[in-house]
Amino acid sequence: MLLAELEVRHTRAVVPTRRIALGDLWLPTDPAPGPGGLLLAAIVGAIVPRLDDETRDDLEVLIDDLDHHRRIAQPRLRYRFQTDVVGLDKSRHKLVRVGRAFGLEIDDHGNLLPQALGAVYAASHLSLRARTQVFRLVRRATRWEGGADDGLLAFLSAGDASSMGSRRGRGDEGWALTVLGFSTGTEPARSEILGRFRQLVRDAHPDHGGEAEHAGDRINDLAEAKRILLL
């Protein structure tokens, strides 16, 4: 049984230009985030572990800009988002139900990045009532480090990263958040974690005013905290 569907239109891999658009959409979000929101987040979660760190950071910035209705100058992440679909290839992603279980069908014949971009742009086209919860789920998806499997859907549906192997125990996570200066119980984005880590490592170094006697231990703690939060 089909629950939600997203068609991403994009240039073919052999074409030098980089363009994306949205094709046919069926994204039910009532009650939010609904199967449509789950599908969009699952597409992002299926793609981000296969992107390099810089691209992941840029994608999270785009997600934040779209969530807050900021003007998006084009191209973004090297792809131009447009409405014209003439001459563009298509990738179709589906969320289905098989018995009592959800199933995710990711069309991966094209390049990876435009699929994630199509999902976040589609989220920005949802009703204002649904957008907030859908973008919250999309942000959670950027924390996933596993495959495009049942674990991803369970992680997104349950909202419990610790039980899905995406993170370590809550005690470790609380310590890591504190070490990096975040409030316990929050879920900072990957880009925020990396940015805070780089700044604190710089501050801890003796060349920048850190205490030489404790610099090594401090940097080791920061590295461990970053590792825990990015697991």
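The structure is a predicted model, so to speak a calculated one, in which local features need pLDDT of at least 70 and side-chain atom pairs count only at pLDDT 80 or more, while totals for chains, interfaces and linings use all residues. Residues are numbered from 1 along each chain as its sequence is written, and side-chain values use heavy atoms, with hydrogens and water left out. The protein chain averages a pLDDT (the predictor's confidence in each residue, from 0 to 100) of 88, and 91% of the residues score at least 70.

Helix 7 (residues 190-204) packs with helix 8 (residues 215-230) at an angle of about 175°, their axes being 10 Å apart. Helices here are DSSP runs (H or I, at least four residues), numbered from the N terminus; axes are lines fitted to C-alpha atoms over the stretch in contact, with angles from 0 to 180 degrees between N-to-C directions. The pair is therefore roughly antiparallel, a label for angles over 145 degrees. Among the contact residues are F197 of helix 7 and L222 of helix 8. The contact has 12 nonpolar residues, no polar ones and three charged; Ala, Val, Leu, Ile, Met, Phe, Trp, Tyr, Cys and Pro count as nonpolar, Asp, Glu, Lys and Arg as charged, and the others as polar.

As for the largest pocket, its lining includes P31, L38, R136 and S157. Helix 4 gives the largest share of that lining, four residues.

Key
Helix = DSSP H or I, 4+ residues; strand = E, 2+ residues; numbered from the N terminus. Parallel < 35°, antiparallel > 145°, perpendicular 65-115°, else oblique. Contact = heavy atoms within 4.5 Å. 1 Å grid on protein atoms, 1.4 Å probe; cavity = no way out; pocket = protein on both sides within 12 Å on 5 of 7 lines; lining within 4 Å.
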